[in-house]
Each structure stands twice: as structure tokens, then as C-alpha cells.
Amino acid sequence: MSSSMIGYQLRVHLRETCFLSPTMTVKLNRIFSYAAVLLLLANVSLAQSFTGYNTSNYAGIYGVFSNPATAAGYRYKWDLNIIGVDVNAGNTYVSVPKSVLFNPPDTMRLNRDYFLDQGANRRQNAWEMAEIVLPSFLYAIDDKQSVSFVWRMRSSSSGGNLSTQLANFFGVNFPNPSFNGTSLSIPQVGVGAHVWHEMGLSYARVIKQGYNSRWKAGITLKLLSGVAAGYATVKNANFEATNSRNASITSGTLYYGYSEELDHWQNNTLSNIRLFQNNGLGADIGLVYEYRPDNGGFGAYESSDADDYQFRLGVSFTDLGRIRYTKGEFNADLNLQRADIDPKELTYKKNESLKQYSTRLNSYFTPMASEKTFDMTLPAAMNLMGDYNINNTFFVGVNAVIALTGGQRDITKSHALTQFNITPRYETSLIGAYLPFTINRNGQADVGAAVRIGPVVFGASSLFTNLFEKHIDHGAAFVALRLNSNMFDRGDANGGGIFRMRKRQVGCPVNNY
């Protein structure tokens, strides 16, 4: 998926599902273009974001992101991430032909370059999640405890809860003439977009170990640095269009705000990405249980018992925290009640700045008193994990991500995408093969593949699904380059020492207790 296509999808998704200015989305998405460029260099397209790999026995620092407890008892002395990128974007309303992904036109035309699901009987939603995993490090103090340093730049955007009827009103020749004279209402729809850095320290430990069981716990404390954020929510709106140039809103409120940095955004996008501004605190916590019926303490070689379990279960809570921002100078909540509105005047104009657009909206509607700051909530989630060991090389993993901020109470947020995944996999120290099956809260199902070869990991979790689809409405991709101590160790039957070969030695059995 090209960087321009990712940016275009986000602009379309957010524009079609809310009253948010497209300019804010454009500015935020310039940051994500760098992630897309890295994916193109790796020749990877349309994959799930680390799904299937992050719960692997060989995930290392990538396992810490979803459950910090997994780092306890890690199989190697250290694990170093050089760079990792994942991008995941989609929606339920707009789809495009696969040809458009590789050759996007300058102007997108309805029913040629994109198609709308105008007959759906559901709420329409859109999302985007992206991250660049910067140099991060895991160090195993001993066979029971480890510490990690994690550094990521992330983004999360989500919006929707819009009925298909309303999506058609805004998405098809706005204002859609087929709705002239029809009273419409919006109970509540909203969107949030957020870009931030996080630097964290993680500690994991085996907290209890029996003859055939092991309990592990972990926590990551994170320093958050906000880059940019914005939100918009419409509540209790009732309106009617007479024709394309006349409409009236009888009730409704628009709550919106964006960080003041977007009023001073520089053309050189990288110059806007600063550490240690808009600081906040965050945390991830996790717990893992392993059932180990054959672990009697003998016959396992040192540092090789990481997968000596029959099955394991895990639970974690990630992205707990928020960042406080100062609003743009002209941000104000608006009373939308007004007669004789020209709908065309509500749309964003070409080359208009966010400050100019805010000022124009304030003069069009009635500003209301609002706070000068807002707290942007992170996309908190509960992660449930199960893993069954078939024969120490074949495994079946199950993972569920449940969004904790997906409700309508908090409007200053983005939220995770609730989804369920099952991944059969084959793994040795040198290679890994993964076959993820994923279904998300919107009913979109995917079948894909991922591969690990030495230090390189890449995947395509929508690969097989999209091969048989004519139009595509969501996609994801990930690629990572990472090293671990085994790659520099002696060569052995398990495939270690791919960078430095020594004479093979006979491993000595050790007592694990």
C-alpha cells in the first residue's frame, strides 16, 4: 500500500464520518508517510500489525508491547530491535479496486476509483494505527527476570458510529439530493486522532514457580511525549436539507479541539516531531501462566526451556494513560442550531488553514464556553492470550484485543480496534512461519501469512483474503529488523550463530530449580 494511498484513505474515512476538518487529518498523516515508505522498501503490503508474531516465543522485545510479562524467562540473554514499522488502516464504508493501491489517480471518482457501501445495515467506522519501533532493548538478568527499554513513535485514529443513512447523506454528492426534505438526526458520532512518542522501562519476573507451573508478571512505565492530537464529536443534532444550497439545524452541539501545535505546523514534517513536549505518563501491566507438566528440572539445556510448556495463558492491560494538550487559539465548542444554512459553506476550503477554518466555523455558529486544554486518552486495551505447544516447533496461538475506550462517554480519545486472532505457527531459532486468521469487531475477516528469517520479520495478514477480493476496504503491513544474542553464539542444531560460527559443543544439562 503506498504512502499516498494510506493518507488518502484516512482523509476519506474521517471526512465521510464526521464534521472534522480534513486538514488536521492531512497534517497528522504526513508523519505516517515515513512509515509507509519503509514498508515499500521492504516490498511488504497488506498485513496485520504484528499479529501472530507478537505472542511468539521468539518475539523478544515485540512481546513486551502486548504483554510485558512475556519477557521473564526469555530464551536469550538479550534482544535488540533496530527498526520496526507497522501500519494498519481501514473502514467499513469506502472500498477501492486493488489497482488503485499501486497507481492512485490524481482525482478519485465515485464508482470508478472508489465504491461506497450504500446499502449496509450497520454503523460505519474507520480506523488507523501506525507505529515506528525505534531502537529498543531487552536484557535477561537471569532465568527469572529481565529488564527492557522500549521506544516507539505511534499514531492512533478512530471514528464513526455513523448510520449508513447518514454516511450516504454526507458521502454521496453532499448534501445528497435524495434526502431533500427528510429530517435526519445524529445522536452521537465522533473522531479522534493522536500522534505521540513513548519511551518506557519494563521489568518482568517469574513470581511463582511450582513443579509443573510458572507464573510471570511484568510492568512497563512510559514517559509520553505528545506530538499532535485532535477530536470532534457531534451530539444530539437534528437537521434537514431543502436543497443543495439550503438546510437548517434545529438542535445539536459540536465539541472539538486540536493541539495548538497544528496552528504552527511546519512544512518540514520531521521538524514538528519533538521529544519531551506535552508530557504524560502511561503504563502496561501483564500476567502470564504456564502449565509445564514435563518440566522436572533435568534434560533441558541452559536458556532453552522458554517453550517447555504444554500451554500458557496471559492477560494484560496496555496503553493506560493520557496526554494533556493546549487547544488551538480559536477552538470552541459550538451550538449548531441555525436556519438557512448553505451546506457548501460548512466544508473545508482548499488551502485554508486550521486556524482560518476554526474562525469561520465560530462566526457561522454560536461559540460556547469550553476548556482551554484537553486530555487525549491513549487507545487502552485488554489483551487475552492463549498458546498451545504441540511439539516444541508447532504451536497454536489465540489472541483477543478488547478496546477499553470504545464507548461514547469520553470524547477526547482514539481507541483500539477490538479483534480476535488465531495463529498456527512453526518456529525454530532461525526461522518462523505464521498463518494468522483474524476477525475484527466490524465483521471483517482476514487470512494471511508472516515469516521470520534470522533478523528479519515481515508479514501479510490480509494477503490471502485480498487475493480473492475485487475491492479492498482495509489493509495492514509490518516489517522488523532485530538481533538477539543467539545470532552471535556458537553454531548448533537449533540454528544459532548465523553471524559467527564456532565449533559445535555439547550442551550440558542443567537443573531449572
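Are R360 and E352 buried or exposed? Both of them are buried, and buried here means under 20% relative accessible area, against over 50% for exposed and partly exposed in between (1.4 Å probe, protein chains only). Before we zoom in, some ground rules. This is a predicted model, so to speak of local features we need pLDDT of at least 70, side-chain atom pairs count only at pLDDT 80 or more, and totals for chains, interfaces and linings use all residues. Residues are numbered from 1 along each chain as its sequence is written, and side-chain values use heavy atoms, with hydrogens and water left out.

**View 1. How confident is the predictor, and where?**
pLDDT is the predictor's confidence in each residue, from 0 to 100. The protein averages 83, and 83% of its residues reach 70 or more. Among its elements, helix α1 (residues 3-17) has the lowest mean pLDDT, 35, while strand β5 (residues 136-140) has the highest, 97. Helices (H or I, at least four residues) and strands (E, at least two) are DSSP runs, numbered from the N terminus. Over residues 1-48 the pLDDT stays under 50, and the model gives this stretch 134 contacts beyond four places in sequence. The pLDDT is also below 50 over residues 296-303, which have 21 contacts beyond near neighbours in sequence. A contact means heavy atoms within 4.5 Å.

The structure holds 21 salt bridges, each one a side-chain nitrogen of Lys or Arg within 4 Å of a carboxyl oxygen of Asp or Glu. Our opening pair is one of them: the side chains of R360 and E352 meet at 2.9 Å, N to O. Next, look at K216 and E290, whose closest N and O atoms are 3.1 Å apart. K216 belongs to strand β8 (residues 213-243) and E290 to strand β10 (residues 279-291), so to speak two distant parts of the chain, 74 residues apart. Both K216 and E290 are buried.

D387 and R425 form a salt bridge through their side chains (2.8 Å, N to O). This pair links distant parts of the chain too: D387 sits in strand β16 (residues 381-389) and R425 in strand β18 (residues 419-427), 38 residues apart. Both D387 and R425 are buried. Elsewhere, salt bridges join E131, R152, R154, E198, K222, D284 and D319 into a network.

A pair of aromatic rings is described by the distance of the centres and the angle of the planes. Rings of Phe, Tyr and Trp (its six-membered ring) pair if their centres lie within 6.5 Å; planes under 30 degrees apart count as stacked, over 60 as edge-to-face and the rest as tilted. The structure holds 22 aromatic pairs. F169 and F170 make an edge-to-face one, 5.0 Å centre to centre with 85° between the planes. F169 is buried, with a relative accessible area of 5%, and F170 is buried as well, at 16%. F170 also pairs with F239 in a tilted arrangement: 6.1 Å centre to centre, 45° between the planes. Because F170 lies in helix α5 (residues 164-171) and F239 in strand β8, this pair ties together parts 69 residues apart in sequence. Ring pairs link F169, F170, F174, F179 and F239 into a cluster.

**View 2. Charges over rings.**R338 has its charged end over the ring of Y364, 4.0 Å from the centre (NZ of Lys or CZ of Arg within 6 Å of the ring centre and within 35 degrees of the ring normal).
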